[in-house]
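This report walks through selected strands, helices and charged pairs of one model. Please keep the sequence and coordinates open while reading.

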Amino acid sequence: MNNILKIVENNKTDFFNFINFLIKQDKRLLIVGEVEENYRKYKLENKELNSEVETIIKLMQEIIFLNSLIFIDFRVRIGHSEFYYINIDDQIITKIPIKEYLIAKENFVDSSINDNIVTLNFKPFYENYPSVRDDKSIGAGVEYLNKFLSSKMFNDIDKWKEVLFNFVKLHKFNNEQLILNDRIKSSDQLIEKIKIVLKKLEEKEDTVQFNEIKHNLQEEGFERGLGKDVKSLKENLKIFDTLLNSPDHITLKEFITKIPMIFNIAVISPHGYFAQQNVLGLPDSGGQIVYLLDMVKELEKTLIEMLSESGLNILPKIIILTRLIPNAGNTKCNQRLEKVNNTKNTWILRVPFRTHNEKVTDNWISRFEIWPYLEDFAEDSFIELKAEFNGNPDLIIGNYSDGNLVSYLLSKKFNVTQCCIAHALEKSKYLFSDLYWKQMEDHYHFSMQITADLIAMNSSNFQITSTYQEIAGTEHTVGQYETHKHFTLPGLYRVENGVDLYNVKFNIISPGVNERIFFPYTKNNKRNPKIKNYLTQLVFENLEDNEVYGKLENPNLTPIFSMARLDKNKNLTSLVEWFGKSEKLREKSNLIIVAGKIDLNQSSDKEEIEEIKKMWNLINEFNLHNKIRWIGKLFRKNDAGELYRVIADKKGIFVQPGLFEGFGLTVLEAMISGVPVAATKYGGPLEIIQNNINGFHIDPINIEESIKTLEDIVQKFSEDYDSWSKFSQNSIKRVNEAYNWKLYSTKLLSLAKIYGFWRYLTDLDMKDMEAYLDIVYHLLFKPRADDLLEKHNKI
């Protein structure tokens, strides 16, 4: 008997008393937070339950009441659930297969629904592949992969010597052979040649450059790529020799990451307005743009350094692939090519969306509507990228659901390593977006987005996440990726095992911030006085501007500041509501909101329009006209950086009230500027902020608690400047120590090389998975995308 059944059997009365209490409530579908709230109510009305029963109540993720049966999803530990049904009349609890549980969910939505639908299960494809062994190692896949590979090499050394030899010989740049030439015919000969060359190099000064001894090395079978001078050549040849003779995971990682394997990188991000100016705040155009522009700049620097250390004077090329939008307003999104500022060879390449009749689409299209265009976009982009790179990219990095789907299509065509970065998985942001997908389909088209995410997370060679919780949540909350482990889209398909959280493909690399733009408010020598004065007047001195609403009656009060897109998930209207409901907050602080447009007629985004209406209603309802500055204008990045600093000048706080935040780039931007932050506990900020040390966690679902938290913060800081200063300094310290782009780019390139080696080893073994994904794409994604395109053509 398993643990749950045993506990129920030993505590039947307590357990079924609580279940009967739940039956009396109105809701027929309860999720984890609602179960906890009902348990609190139950304890007020009854004596507390046995501790064992309380333990399994805390494991309940979901309860479905279906006629006389009750179905429960218990999350017994991270990444593992067990499913049960209860016959309340007979007080019997029975463990059931996952498929039976999913069918029950489908019948709950519609009892007449066809349950004879496709059931997906990716588990068999991962059974023979390495996985991390414990919960704490989730997201550290590369470390375990290195150990796995080195142990395989050690156990069959002769085979793996040849594998490694052949892998190294593959590498070329523009048809120039790198590292090893044809004079070396086998791994055994390679070992002998390494000894000969090391002996010769010992006779040379460490500073002698490769080109000075190039011909001697070529005669022995060695080409450029293992070092720029004698010192680095000796170091790398010794590592190579150790790996060939007695491999271990440290040596393997050290050697593979030194091989010059990557010269061209394609970064995919189709949706929104992607440009360097005048786009932040436009629909679907926010933190991901900042993230990617900062990322590619540091990637280029790091890649140039790595190639130089290898002895290669080669300028790599990075291309951000996005959509060309003919009607681009005052942005550059209608230009095919745009050089990325402060880079040597990094570009934004824009390719238009077109319909099957070759007609180019002229206007912005919501990220929820772009699915029909992505296949043709990938086909066209394949040609454009091949021309721009004068060959193939060596690595493709997908971003968000649409970019990850395109990266899947392109990596197959180019036959190169695929990396995926989700940024935000909408399934985990929009409650019941899977279960009630039909009701949401007209607006969000989640059936396609969830399918695209499923394809990408299983096709990728490696996944990058910003935090642990993004993959696996916490002990008490489910991770974003974990929500894809089992689910159903009733009437369309169900998933028994959608993702393996323990797979070695998952790796955590936290991004940084652009230190030229976002820096502490105390660094006055770096600040632009003109911009500082303008923003101070705009925010605090009621400077007239037709894109700003509200006049502060007392500008000296503590500013509560937030800046984000104006959409439901960012939840800024809730912040306005909290402020309006709290007399203490209105008395001691002002509210500064930078988001969206203040004029309904200036927006074309349905969700933004709804939020604009809500903002106006709240301002009027709580009479906030002289307590709020609502700034509905776009800021250049330099101005956005200074905006945080003028808030810090006034000893303000930054609030991120999102219902869910995949990472929280604005949280980092505020913290490095010296602004104490209160941010949602749902998502990345939970790991970024150390509660009550360098910031505060808030629960945006609990209105009273959120208001109380903000009241306490404002009270504390308005009465004790030293306290504000301490949190400000700790915020800066936290970002400097844990979040920087140099570390990020070094790790990403290291991962790309190691997973490139893994891909080389397992290429044939992955053919079954590729075939399965091809079926999922053509059976479940493409027909729905084609149907949506037909609807677009009729409009």
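Strand 2 (residues 60-66) and strand 3 (residues 69-77) run antiparallel and are joined by 6 bridges. The model is predicted: local features need pLDDT of at least 70, side-chain atom pairs count only at pLDDT 80 or more, and totals for chains, interfaces and linings use all residues. Residues are numbered from 1 along each chain as its sequence is written, and side-chain values use heavy atoms, with hydrogens and water left out. Helices (H or I, at least four residues) and strands (E, at least two) are DSSP runs, numbered from the N terminus. Two strands pair if DSSP finds at least two bridges between them.

Glutamate 62 has aspartate 73 of strand 3 as its bridge partner. Strands 2 and 3 form a hairpin with 2 residues between them. In its turn, asparagine 67 has a positive phi of about 55 degrees.

Strand 3 also runs antiparallel to strand 4 (residues 80-87), joined to it by 8 bridges. Here phenylalanine 71 stands opposite tyrosine 85 of strand 4. The hairpin of strands 3 and 4 has 2 residues between the strands, and glycine 79 takes a positive phi near 80 degrees.

## An open sheet and its helices

Which strands make up the open sheet with mixed pairing? Its 3 strands have the order 6-17-16. Strand 6 (118-121) and strand 16 (487-489) are at the edges. Each has a single partner strand, so one side of each lacks a neighbour in the sheet. From one strand to the next, the twist averages 20 degrees. Angles run from 0 to 180 degrees between N-to-C directions; axes are lines fitted to C-alpha atoms, for helices over the stretch in contact.

Strand 6 pairs with strand 17 (residues 493-497) in the parallel sense, over 4 bridges. Threonine 119 has arginine 494 of strand 17 as its bridge partner. Helix 18 (residues 446-459) packs on the sheet and touches strand 6, strand 16 and strand 17. Its direction makes about 30 degrees with that of strand 17. Contact means heavy atoms within 4.5 Å. Helix 30 (residues 767-794) lies across strand 6 and strand 17, and runs at about 150 degrees to strand 6.

## Helix 8 against helix 29

The axes of helix 8 (residues 157-169) and helix 29 (residues 741-762) come within 11 Å. They cross at roughly 115 degrees. Helix 8 contributes Trp160, Val163, Leu164, Asn166 and Phe167 to the contact. Helix 29 contributes Gly756, Phe757, Tyr760 and Leu761.

## Buried helical positions

Helix 21 (residues 572-581) has 8 of its 10 residues buried, so the rest of the structure largely encloses it. Buried means under 20% relative accessible area, exposed over 50%, and partly exposed in between (1.4 Å probe, protein chains only). Among the buried residues of helix 21 are Trp578 and Phe579.

Is glutamate 642 buried or exposed? At 2% relative accessibility, it counts as buried. Glutamate 642 lies in helix 24 (residues 637-649). Not counting residues up to four places away in sequence, glutamate 642 touches Arg527, Ile531, Lys532 and Leu535.

## Salt bridges

The count comes to 50 salt bridges, each a side-chain nitrogen of Lys or Arg within 4 Å of a carboxyl oxygen of Asp or Glu. Glutamate 143 forms one with lysine 253, with the closest N and O atoms 3.6 Å apart. This pair links distant parts of the chain, 110 residues apart: glutamate 143 is in helix 7 (residues 141-155) and lysine 253 in helix 12 (residues 249-256). Glutamate 143 is partly exposed at 36% relative accessibility. Lysine 253 is also partly exposed, at 31%.

Arginine 367 and glutamate 426 meet through their side chains in a salt bridge (3.3 Å, N to O). Arginine 367 sits in the loop between strand 12 (346-352) and helix 14 (374-389), and glutamate 426 in helix 16 (residues 426-429), 59 residues apart. Arginine 367 is buried, with a relative accessible area of 7%. Glutamate 426 counts as buried at 0%.

Aspartate 712 and lysine 708 form a salt bridge with the closest N and O atoms 2.9 Å apart. They are 4 residues apart in helix 27 (residues 703-719), so about one helical turn separates them. Finally, salt bridges link Glu202, Asp206, Lys234 and Lys238 in a network.
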